[in-house]
Amino acid sequence: MEKKKQNIILIGFMGSGKTSVGRRLSERLHYQFADTDQWLEEKAGYSIPHIFSEKGEEYFRDLETDVLLDMQSSLHWSVISTGGGLPVRKRNRELLREMGHVIYLKASKDTLVKRLSGDTTRPLLQGDDPIGRVEKLLHAREPIYEEAAHEIIVTDHRSIDEIAEIIGTMVFREE
Ligand code: S3P
């Protein structure tokens, strides 16, 4: 990996395992771990559902860009997991690729629907027809994740440990 790209950044749909894999990977590599959703909630002083309901999605998306700019100036040798919609903005995709090596954790629609069924924490999946929402969003976002990523890892039928190991090996292979 190029020197400039020491951060490892995980992108992918809600429920693709970015946070769990990111934590595990950071332990394996002895890297710092950071999560854009958590950083955003700390910066805003409110939970994500609260921000969506009080200020709307656009405001939340602006905060995501602010968080990336904070992270760009303060994180090195870190594993960063990102909110599922963060790469949708072109500016964010550019920032991600400047900040590090971007890995898309890809999961099939069936896996995601299974993992996300009954979710009450993600504003975009509440209301009628959550499965239809997953399908529609996934269809729109898959090409975006693929464009943003340096690498794609298929996560279906793989454990968190296995995925962290694959990424760890890949990172050392490329150094
Ligand atoms: C979102 C994904 C969530 C969170 C917010 C919006 C999205 O993060 O950022 O609810 O647009 O896909 P996770 O991918 O960590 O669930």
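Q: Where do the side chains of Asp161 and Arg24 meet, and what is the N to O distance there?
A: The side chains of Asp161 and Arg24 meet in a salt bridge, at 2.7 Å from N to O, where a salt bridge is a side-chain nitrogen of Lys or Arg within 4 Å of a carboxyl oxygen of Asp or Glu. Asp161 lies in helix H8 (residues 160-174) and Arg24 in helix H1, so the pair ties together parts that are 137 residues apart in sequence; helices are DSSP runs of H or I with at least four residues, numbered from the N terminus. This is a predicted model, in which local features need pLDDT of at least 70 and side-chain atom pairs count only at pLDDT 80 or more, while totals for chains, interfaces and linings use all residues. Residues are numbered from 1 along each chain as its sequence is written, and side-chain values use heavy atoms, with hydrogens and water left out.

Q: How many salt bridges does the structure hold, and which residues are linked in a network of them?
A: The structure holds 12 salt bridges, and Glu57, Arg61 and Glu64 are linked in a network. Within it, Glu57 and Arg61 meet at 3.0 Å from N to O; being 4 residues apart in helix H4, they are separated by about one helical turn.

Q: Is Arg61 buried or exposed?
A: The terms rest on relative accessible area, with buried meaning under 20%, exposed over 50% and partly exposed in between (1.4 Å probe, protein chains only). Arg61 is buried at 7%, whereas Glu57 is partly exposed at 33%.

Q: Why do the buried residues of H1 line one face of the helix?
A: An α-helix has 3.6 residues a turn, so residues three or four places apart point the same way. In H1, which covers residues 18-29, the buried residues are Lys18, Val21, Gly22, Leu25, Ser26 and Leu29. Seen down the axis, they fall within an arc of 130°, so they line one face of the helix; the arc is that of the directions from the helix axis to the C-beta atoms.

Q: Which residues are closest to the ligand?
A: A residue is counted as near a molecule if one of its heavy atoms lies within 4 Å of it. Here 13 residues surround the ligand, the closest being Lys18, Asp37, Arg61, Arg122 and Arg141. A polar side-chain atom of Lys18 lies 2.5 Å from an oxygen atom of the ligand, and a polar backbone atom of Gly84 is 2.8 Å from a ligand oxygen atom.

How values were computed: Helices (H or I, at least four residues) and strands (E, at least two) are DSSP runs, numbered from the N terminus. The expected span of a helix is 1.5 Å times one less than its number of residues. A polar contact is a pair of N or O atoms within 3.5 Å; within protein, one must be able to donate a hydrogen and the other to accept it, and residues adjacent in sequence count only if both atoms are side-chain atoms.
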